[in-house]
Each structure stands twice: as C-alpha cells, then as structure tokens.
Amino acid sequence: MADVAAEGEVTADAPEEKPRKDKAARPWFSPLRAAFVWLRDHYMTMDPRTLGFFRLVIGFLVTADCIRHWMDARLFYSNEGILTNHYHLFRPSSGFNFSIFHAFSTPGEVHVAFAIATFCHFCFFLGWHTRIFSVLSFFFVTSLDNRLVMVENGGYVVENLLIGWAMFMPTGQRFSVDALLRSFRERKERSSAELNARAPFAWATKPYVSLIGLVTTLNIAVIYYFNVVNKSGHIWRKGDTVHYVLHLDRMITGLAVPFREYMPLWMMRPVAWSVLVVEALLVPLILAPAGRRITRPLAMLLMTGLHGSFGVMMRLGPFSWFMIAWSFLFPQPVHWEILGRWYTKKARAWVVVYDRRSPLAFFMCRLLARLDLCERLTFEESPEEDATPALLRVRDPATNEVHDDHAALAAIARSLPAGRLVWPLFRVLTLGLSAPLFGAVARRRDALARAWGLGAKPRGREASAPPSPLAARAGRVRAGLREALVAWFFVCAVSQTLNENKSVPAPFKHQQPWLMQATLGYPRMYQGWGMFAPNPISDDGSISVDAVTLGGRRVDPFTGDVPDLNLSDARGLGLNQIWQDYFNRIRLDRNKVFRHGLKEYLLRWHEETGRPEDELVAFDVYWLRDQCPLPGQTQPYKHEKIAILTYRKPGYRPPPGNPPLPPEPKVESAGN
Amino acid sequence: MGKRILSSFLTIDARSLGLFRITMALVLCGDLFRRWPWVRAFYSNEGVLPNHNHIFNLRDKGQVWSFLHAFSSVGENHVAFALILLVYLGFLLGWKTRVFHALSLVGLVSLGARNILLENQGNYAAVALLFFTLFLPLGSRFSVDALVRSYADRDEKTDADLNDRTRPTEAELAATRGPGWSPLSFAALAVTLQIVIILIASAAWHFAGPWRDGSGLYYALQVERWVSDVGVRFQHAPAGVLKGLSYLLLATECVVPLLVLVPVARRPLRGIAVGLLVVYALALGVLFSLGLYAWTLLAAAALLLPAESWDAFERRFSPERARSVVYDEDCGVCLWLARLAKRLDAHTHLTFQGNGDLSGLLRGKADGSVEKVDLPAGITEELVQDTIVVVDAKGTVFTRSRGIAEIVRALPLGQPLAFVMRLPGISNLLDVLYDAFAKRRTNISVLVGLDACGLPAPKDESDAEAAEALEVPSAVRAKRLVTGGLRDAFALVLFVAALAQAAKENPLPFAIPQGRVLAAVVAWPRMLERWDVLVVNTDEDGVFVIDGQNRKGASIDPLTGAPPAIDPAAFNTRKLGQLWNDYLNRVRQREYEPYQKALRDYLGKGGPALEGRAPDEQLSGYDAYWVKYSIAKPGESPARVEKGREKLFTHSRGGRLAIDRLPIIKPDVRRQE
C-alpha cells in the first residue's frame, strides 16, 4: 500500500510504514474513503519507470513532429508563405488563439523559433530540467497548432492533450539526465564495494499518485468509446470503410496503393469491422481494474497494431504515433518486473575489473553502475600486483572469458538495457573509430582524469537531506494546488466531451463558462472524437493551380510542373499531412478569408524561384474533386473542377506569339 | 603598472555589478509599472497599434522583434506584463541571475519593439547597458545566488567561525568563481565606453545648440512634450540658477568621460564622476519626463564605482556602531540568522558570541581582530537563554527587538530602518513579535530543517579539501577559456556595432563603416544609439491636441480629459507622460502615416481619458491638430508663442471649437461620415 507524501509522491510497500489513517476513519465516511483508496490504487498510481519511458517516447515524437513542421516553415509559418502572421492576428482562425510563432515574421525569424522549439523538445526528451522543458514543450506544441489551425487534425489535438497531461507528471524521475545527475550528486561511491551496493534511490522507486493517472486513463478510453459509437454510418456497417479510405489519394501513402489494388473486397470488410471491434475492445481493456497484467499489454499491442497500420498507410500527421505513445502509460510495476527478469536471463553477467589507480576508470564504473538497471555487472578493482592494468576489463564469472578495453566496453554495452540498440549507434556516431578512440583514452587515462578533475575526492553531502517539515508542508501545498489544477482540467475535458461529441444526448449539452472555454481553447485541448465518423470520407480531392507566367509558361506553382487537372488516374498524391490538410481546408467557404494569403503567395512565387519571368499573370486555383470508386470498382467517378480563386493581372496583354490568357472561371463553393 | 591599468579597465568590481543589477532592476520595474496603465492603449489590439497593424507596417523594414506581438487582447497583455514583472523580480533578487538577466533583456526589447513609436533614448540606453552587462556576473554580489553560494561554501558552526572574516584571495575567487568574482573581460570596458559614448554624443548634440550659452535648460523646460510637473515649477527659477545648472549638465557630459578614462587616482576621480553623473541623472529625471533615460544613467553610475571605493567603504569601521551579539547557540534558526547578519555586515561591526560561554564578552576591533573583555554586569545566564543580547562599545546592553534594531543599525544603510524600529509603538510591536518568535525558536528551527540544538556538528570534510578544489581541472580551464573568448568576441562585435551606430546617428567627428551585419546587430535589440536628448529646436515644437465633442455637445480632448488646450500657455499634454508624447510626436509625422488609422479608430472608441465613461460622454466627433509653437528667448514673455496648427485628420462631426476651418493637411485623409 502506498502513502501520499510531498509532491504527490508515495512511499511504496515500506515495512516501517505506519498504519494508514484511513483505516481509522469515521464509519459514515469510510465507504467513500475506501472508494477513493480503490480508485487511487487502481487508476491514480503510476510507476516512475513508466513515466520515464513515456517521456522518452513523447519527447522523441514531439521533437520529430517539430522538425517535420520546420521543413515547411517558410511556406506555412513565415510571412513569405500562405498565411502571414499579421493577417492571422487580424483574422484569427478561432477564439482564444495564441501562438508565440505569431511574433516571428520572416523565414529567418521563424527558423530561429523552430530551432528554439526543437531545442526545448529535445531537452524534454533527454530529461534535462525536465519540468521546465515539459512546460516549454507544451507551450511550443500548442503555439505551432494555433499558428496554422487550418492544418489541424485529431492528431494535433491528441498531441496537445498528451503533452499537456505530461506536464503534471514527474517524467524526469527515471531514464533522464536529471535522474542521472541527481544520482551522481547523492551517491558518491568510493570503492568497488560501494559500486556493487545498488540500493535503489527512494525517489526513483516511489510510485507517483495523482489524479492525472485517472485523467489520462479515462481520456484514452473516452477516445475509443466515442470513436466506436460515433461510427454509426452505413459504410462502416457494410464494412466498406477500408475500401473508401484506401482510395483517398490525398491521404494515402505509397504503401496503401498496392493494398487497394490487390486486396479483394471480401478481405477488406473483415479488416474494417475488426477496426471497430478492436476499438470497442480497447475500452474495457484500458479500464479493467483487474487482470491488468494481461489487459494492459494487450491494449498496447492492439493500439500499436491499429495505429501503426494507420500510420504507415495514411498521412495523418501525428495522430497514429501519439496514440501509440499514449499506450506507453499503461505498463504497471509487474510488467517492469517481468521485463527485468527476462532481460536478466537474456543479458550476460560480467565482472568489470577496473584500473584501481585510475579515477577515469572509476568514474566510468560509476556511470555503468547507474546504467546497469538489471544488475548484470559486478565491479572489482584490478589486482595490486598488476602494474599496467587495462582501463576496463570484463570477466565472465562462469567461463572466465576475458575482454579488455574496447572489447570490454562492447561486452558491457550489450549487457546493459537497450545497449544492443545504443552500441551500434555509438559506433556510427564515432565513425567506426570507437576502438582507437578508446585506446587513446586508455593510454591517456591519467591526463584525462586530471583534465576533468576526476582525481578529486568526492565532496559534499552523501545523500539528499530529508525535506524539512516546512518544505514538506510546502510540498503538500504544491501537490494540492497541482491536483486542483488537474481537477479543473478534468472538469473542462468532461464538459468538452459532452458538448463536442454528436452521440451525446442533447440534454447533456451545455454552455461553458468563459474560463472553461479559455482553458480548453488556448491550448486547443478539445475532445471531439469521430475520425472517419459516422462514415468515412467518400470523395477525394486536392488543389491544383493552373497558372500562366509572364514568360507564357503554364505551371502549377505547387508542383513546378504543368498543371494536372485530373486526379482520377492518381495513385496517391504524395502530399504530406500539412499540405493535404491545407488544401482540403482552404477550399472550404469558411476559410475563404485565408485565400487572400494564398493569392499573395502565388503573386510572390517568382521571388521564390528567383526568375522574374516566372511572375504569374493569371492563375486559377481549382479544387479537383472526384468520388471514390464504389465498392468492387477501381475507377473514381464524378470528376469536378471547382474554381475557388482566380486572378488576372490588371491590364496585362500577352505579347505577340504567346497564347491568350484562358477565360476566368466562375468562383464557386467547394464545401462549407 | 600597465597590467594594473589594463585590469582596471577590463574589470568591474563585483559589488558595483551587484549594485547596478539592483538599481537597474528597480528602474525596469518602475518602467514596467509606468507602462502598465497604458497596456490597453499601447499594447493591446484595442489600442492605438494592434499587433497585426504593427507587423504589417514593419513588413518591409524588418529587424524589429517583440514577443509581445503574439499577445492580442488586453487580458493576454496583462498576462505578458505579469510575466515580465516576474522576470524583473528574479533579476532584482539575483536569483538564477544570468537567466533572468537575459530574459529581462528580452522583456525590455520586446516592450520597446512592440510599439516603436513609444521609444526614446531611454530605451536605447537601457537595452545597451543591459546587453553589455549580460556578459558580466551581475549576480556575483548582493544576490540570492551569491547568498546561497556563500552559505554552501562557508558553513559556520560556532562563534569563532562567525567571527572569522578572512576574505578569499583573488586566486581563490578566480578558481571557485564564488561570490565576489568578476572576470577580466572586454565587456567591462565596453559597458564603460558605452556610458562614455552616451555622454560624449549628448555633449556633441548640445554644443550645436543653445546649451553652449547656458540657455539650453531654459529652452528644454519650455518643451511641453518633455517637461515634468516639477520642471514646470522650475521654469520660473532665477535665470542664473537655470544657466548654472545648464552649464553643470553640459560640463558633466564633457567631464565624466574624461574622469572615467583616467587610469590613475581612480578613487577620487571616479568618485567625482559618479557624483556628477548622479546629479545629472537626478536633474534630468526630476525635471523632465524622459522615460528610462535618466534613471538608466543613475543605475549606470554604479558601474563606475571602483573597487578602491568599495574597499574604503567596507573598511569604514565605526566604533560607535560596533556591537557584540550574544546569540542562542542551541538554536538553529538563530545561528542561521547570525550567519546572514555576518554576510550583510560589510563593515565588520558585529562580533558574535554563543550564549554557552559567558566568561567574557567578545568585542571586534577596527583591524578585524577580536578581543575578550569583561562581561557587562547585566548579562546573566538567564538573560542570554531568554533573548538575544547586543552590547555596544560602552557596554550598554540591548535585548529583544531593541537588540535586533542595534544589529540592523550596525549594517550598511541600516540606520534609517533601525531608527524606525526604535520608535515607540513600533518597538513595542516588534517586542511582541520577537517574544513570539523567541518562544518558538526551537520549533521554528525544526520546522525549517535547521538543528534544534547546538550539539557541535561534525566538521565537513569539504573544508579540509577546500584547498584541493582550488586546482582547476584543465578541461574546466579550457571551457572557461572558450566561453570567455566567445563572450569577449561577442562583446567586441556588439561594441563595434554600437560605436558604428553611434557615429552614424550623432554628430561625432568620426565614422565607422557599418555594413549590414553590424547594422543588424544593433537593430534587432533596438540599440539605436541616437543620443539627442534635450536637443531643442527653439524655432518650432508642437503638441498634439484633439478638438473633440461628446454626445452632450461639450468640448473635450480625449487624450487629457480636459477641454482642448490650443493656447500655448494652457498646454497640458505633459501630463500624458513620455509614452504618449513620444507616440503623438511620431504619429503625426509623414513617416508614420500608416499608423494613423489605428489611432483614429482608437480615438473614435473614446481614447484614454474617456475609457469607461457614460455613453453620452463619449466622442461624437473630433479634429486632430498638431499645434506648433516657438520658444521665446530667456527673459521674454510669453515664453511660448503659437506658430500655427496643422490639422491632421478629422472624425465624424469633427470638433466643436471654431478652429475647424483649417484645411486638412493630408488630402487623402477624408472626413469619415
């Protein structure tokens, strides 16, 4: 059982623990208390290892996502692109729209902003000053979304939510630079005996108890619940969803094309139904209070399979990957123990014999002791009689097999958790020169130790002093405030879920107070879950620009080629998520005001190419739409070409020899 | 000798840096509070310059960046201001000083760049000083960082430890980079030269105008846009006084740079320079509304204080203020407070003695040594168990809150506070508080995690190994060399850029080719280096007057809330302050014409003075004028003579006064129907 301590931490299974106060609660209160204890133990207690690993996963994803956007920074986020910051500030896409990216105008400035954002995300990934960079990551993620709301999809909202919830978790407690530095600070080993005494740090093993555990569990369950109940359309019922989705050329990847071409319809139907079944199954699997040893890994497996297949087949941006990342909150202590036992069996045990005179060797051993989570290494000083010992030597205690220096390091690396993955990466990063490098280090061990000050005796306090009563009290107040904030976010999320999902009965819909709207609106932490619901999209489309340059060339500035105004022969358009969502949204009447930016961009296109003759003297922006083939067929039908924006340079007459400008088509609605 | 001279220019004493940090942070806080009431008018989209309008207007000019551009509504801007305040407070306290210093710079630049029409020389000066000092350890003294570091470095356990005032040597300081460390850096020279440039450039401007004959101050005081309420009263000071002060200000601009650059006799020469600069800054700050300018120079004076002055200040031992403090050595929080008092006691006036040994009384001497004298008769074991006991040089015994007041009195700048603490009533209240604290001191010690009893704590091994720590590993030395080199290289580039910009913007007798890179280096942080402060155009100046009428038909100027003041004798726009006056002076100029539409819209919605008033008091129309006037020679009356008016724009029904007959000077601005 666990006891709530300062900072929301708990002391787990401490034998000296005093009897819980709740056992002595007043009788009328005890059922409520018992319910809370049950809830706390089942849904609000999180393992620090799970949180640490979760941070690694979302830190990596959020960094990658930032770099993905960075690659399109000029076009989508700078004033040389399709939506200038001043125009978006003048006509915000939504209420409560705030983005720090609005402060950055030129491509150079925007690149600086992306560099700062990427740095923050990467520090969060590493777990360096984790809490600060967690908050900054959230700030930059939501800012990026708010800067160009037009390209937002469910994935962006999931990303906002997940990175938002992560702010309330101590994700830097394990597998982080912070944890490593803290362990170095608090445990200053002086001998091999101390290196071998691996009592875990209290802070590294204490489960974390917070309402946020319940919130994240309920949130992911709610996502799947509404994804199932909102998919009530006939296409889902008939099982034709996969067929339609695979024919959405603007969204699919190249991998999806052979599937749609060679997969028979009778095979697609079970796949489509299985999606519904899996999503429906996930709700009980996630919420199950018992048997979690099985249900949670099963849920992880199903989520990874489901979203992994979406992710490789479709360009949905961050959706699939962040949904998979969410499942990394599921592992329970028992799973870590199983994993540990499995790895302990699998990894080879070594006795690490280090140069007893070398502070560098001892420092390396201190580091290895911290990385050796499964305790496969035992440390031993080199014999006194050995005048020239290897910097590091490993010996298999069973076979007496011995490796020295670089070979020893390689053997050690393979025994460490994730070492088999990291070691090749290390080899690549050192350009394959790790062996000579290590040799050089070993030869200059004394000089290097002096250079880094490793020879000095460890100083300072051995362990972190227990917090003073005042600090503990302050910690409890902070934890209370944090829980209150989480509770407020939870209330907001519940309200938003009721309001935003169509399947919720009308009596539950309500007007939100201003503060709630602001809480949800600024970070765009919405809760509408109905991807491909009630039916999948059955019409496909994209934007094509038919432009004429000053030089008389017909060109689509987005491709640089001759305009392709017929998409019916497409086998995937090869557009990334940002492009395809922008094209899909800019056509809508509600985004008409933002076509001004598109027009400005097209008029500046020749500046981008650097050729004055590329100046556009006329262009027509078309939304090309066709209906996906009916089930059992392969050809799309009802091809339409809808002009959504046109331009003719005032007073321009083509020079002799050039064809006349095409007649200006009528601008029509391509959707609301 | 050469090395000493070089080091005297390339280093600034850590105490000077600490004092500068505190004064500059106070100036920044004051500046923020000055702007805060106008957050709606100048920073939000409901004001005179919405963010989208500003970015749009700057689209071709570029090199203006403010994070405040991301904040649109009034509420959002209040949040942004609150964040800036927190940053400034962090800088003031010296907590994570380098981080909060950099963030303060970003905050200040953003405040200026969000609405470039508000800027003046004060912004340029404050940004420049803050930027150059970013490369110096401003948190090395008088800061939370220094205090925390000092507590960690010297863990005094006994009265002997407390009375040990041995200072670390320069070598120790350089090795540990502990409190008091200040590097040899080009940035130190750069910031000093920046102060010199400000003053020399100001002098260059002033020598070209009426300041040469001593009438500069008179003319400057007649400029409605600059003068403060105090300055208005000073307009009628005797001509001799005005002339004398005018010459003094000009002399300061000329003499201070010389005094600062003389490498010898630093203590007296720098002392004079600091004194003159303080007078200069105070005169400008009190007589004029120049925003940050005067107060930034006041803060900058701290940077000119040499180490010799600080050392002399610290050596100033006054036997009358020397006190022996008998504290409860069994009480952790008492020891902690004694350690704090020791750190604040720059003059070593305090000598500490635990209450366990009453065989005599320890008393400090001017040379820093401690002697043991007879215990005054009134001090008993019971007394020292119950209360703190403070004994002065004459043997007078003070206890309870009076003892605390005596300790405060012994500290630098503590006398005024000690005086207040001794006042009847306040001292009684403090006695009650003291007793409450003393009674609970053991519990409080436990509560904050300090030793509750005075069992001698084991000596930390680290003390014995302190000497070892002085040997700086070569990797650390290399890192310091690289970071120091980069720091100085950047400071050098920044300085050259600032110098080139100053040469371009001011009538200085030299020019430096600037190029795009150097121009960008000063343009982004808005270090525009134009030091034409109080450069008077006696022939013509002007004020912005709105002839408005409200729905009741009454004449009102929505800027001031008073009837429009067209007559130069009745001008009242000075009450608007520097921000409004600089804004209005710029927005009327052709260069800033694109900014006028937002002003018109803002005034149409009421303007600053009519905010929140009843609907029938809101404007139904107005005319905007630039009323020009010339300034008469000293002694002539009236001092200001109207030269004419320019009608800038009009709105709806226009104003109510009969001055509406003037044509609009800009034909493209039509009356809005």
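Rings of Phe, Tyr and Trp (its six-membered ring) are taken as a pair if their centres lie within 6.5 Å, and the pair is stacked with planes under 30 degrees apart, edge-to-face over 60 and tilted for the rest. By this rule, 62 aromatic pairs are counted over all chains. The model is predicted, with local features needing pLDDT of at least 70 and side-chain atom pairs counting only at pLDDT 80 or more, whereas totals for chains, interfaces and linings use all residues. Residues are numbered from 1 along each chain as its sequence is written, chains are lettered from A in the order in which they are written, and side-chain values use heavy atoms, leaving out hydrogens and water.

Select F558(A) and Y601(A), whose rings are stacked at 6.1 Å centre to centre with 10 degrees between the planes. F558(A) belongs to the loop between β10 (554–555) and α26 (577–586) of chain A, and Y601(A), 43 residues apart from F558(A), to helix α27 (residues 595–603); helices (H or I, at least four residues) and strands (E, at least two) are DSSP runs, numbered from the N terminus.

Now select W70(A), Y77(A), F98(A), F101(A), F114(A), F139(A) and F140(A) together with F67(B) and F71(B), which form one aromatic cluster.

Finish in chain B at R59(B), whose charged end sits over the ring of F56(B), 3.7 Å from its centre (NZ of Lys or CZ of Arg within 6 Å of the ring centre and within 35 degrees of the ring normal), and then at R600(B), which lies over the face of F649(B) at 5.5 Å from the ring centre.
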